[in-house]
Amino acid sequence: MAGLCEGGNEPPGSLKASNEWSRGRYKMERQMEKVEHFEHILLFEFNRGAKAAEAARNICAVFGDNAIGESTARKCFFFFKGGLF
């Protein structure tokens, strides 16, 4: 993946539009990293024997309120139970 300062596939337009696009790209990349980390944490909690609701509360205790919802944790646990990691 190209770095943020390398340019690349930026849309045409003013420098301001380009900078706004880059910031949006950075936010999206950071969000994807967070989601991936949460999946790993949820897998750890699942293997530990925690319930989905408890895992969601533990994540929210560290990353802040509304970091992940119980329904998202339940969905991940459903996949883990089916052997999809």
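Which residues of α3 are buried? This report answers that question for a predicted model and then turns to the other helices and the aromatic rings.

## Overall fold

The protein chain contains three helices and zero strands. Read along the sequence, its pattern is α-α-α. Of its 85 residues, 22% count as buried. The accessible surface of the protein chain comes to about 6,500 Å², and carbon and sulfur atoms contribute 56% of that surface.

Contacts can also be sorted by separation along the sequence. Among contacts in the protein chain with a separation of 6 or more, 37% are between residues 24 or more positions apart.

## Helix α3

The buried residues of α3 are A73, C76, F77 and F80. Viewed down the axis of α3, these buried residues fall within an arc of 100°, so they line one face of the helix. On the other side of α3, K75 and F78 are exposed.

The length of this helix can be checked by simple reasoning. Helix α3 covers residues 70-81, which is twelve residues, and at 1.5 Å a residue it should span 16 Å. The C-alpha atoms at its ends are 16 Å apart, which agrees with that expectation. Just after α3, G83 takes a positive phi of about 85°.

## Helix α2

Helix α2 can be examined in the same manner. It covers residues 52-63, and at 1.5 Å a residue these twelve residues should span 16 Å.

The buried residues in α2 are A52, A55, A56, I59 and C60. Seen down the axis of α2, they fall within an arc of 135°, so they line one face of the helix. The face turned away from this buried side carries the exposed residues R57, A61 and V62. Just after α2, G64 takes a positive phi of about 105°.

E45 has its place in helix α1. With a relative accessibility of 7%, E45 counts as buried, because the cut-off for buried is under 20%. Which residues is E45 in contact with, leaving aside its neighbours within four places in sequence? They are A50, A55, N58 and F77. Of these, A55 is among the buried residues of α2, and F77 is among the buried residues of α3.

## Aromatic pairs

A search of the whole structure finds five aromatic pairs. One of them joins F46 and F77: the ring centres are 5.4 Å apart and the planes stand at 85°, so the pair is edge-to-face. This pair links distant parts of the chain, with F46 in helix α1 (residues 15-48) and F77 in helix α3, 31 residues apart. F46 counts as partly exposed at 23% relative accessibility, whereas F77 counts as buried at 5%.

The rings of F78 and F79 form another pair, with centres 5.9 Å apart and planes at 70°, so this pair is also edge-to-face. F78 is exposed, with a relative accessible area of 61%, while F79 is partly exposed at 35%. Finally, ring pairs link F46, F77 and F80 into a cluster.

Key:
Residues are numbered from 1 along each chain as its sequence is written. This is a predicted model: local features need pLDDT of at least 70, side-chain atom pairs count only at pLDDT 80 or more; totals for chains, interfaces and linings use all residues. Side-chain values use heavy atoms; hydrogens and water are left out. Helices (H or I, at least four residues) and strands (E, at least two) are DSSP runs, numbered from the N terminus. The expected span of a helix is 1.5 Å times one less than its number of residues. Buried means under 20% relative accessible area, exposed over 50%, partly exposed in between (1.4 Å probe, protein chains only). The arc is that of the directions from the helix axis to the C-beta atoms. Rings of Phe, Tyr and Trp (its six-membered ring) pair if their centres lie within 6.5 Å; planes under 30 degrees apart count as stacked, over 60 as edge-to-face and the rest as tilted. Contact means heavy atoms within 4.5 Å. Accessible areas come from the Shrake-Rupley method with a 1.4 Å probe; for residues, only the protein chains shown count as cover.
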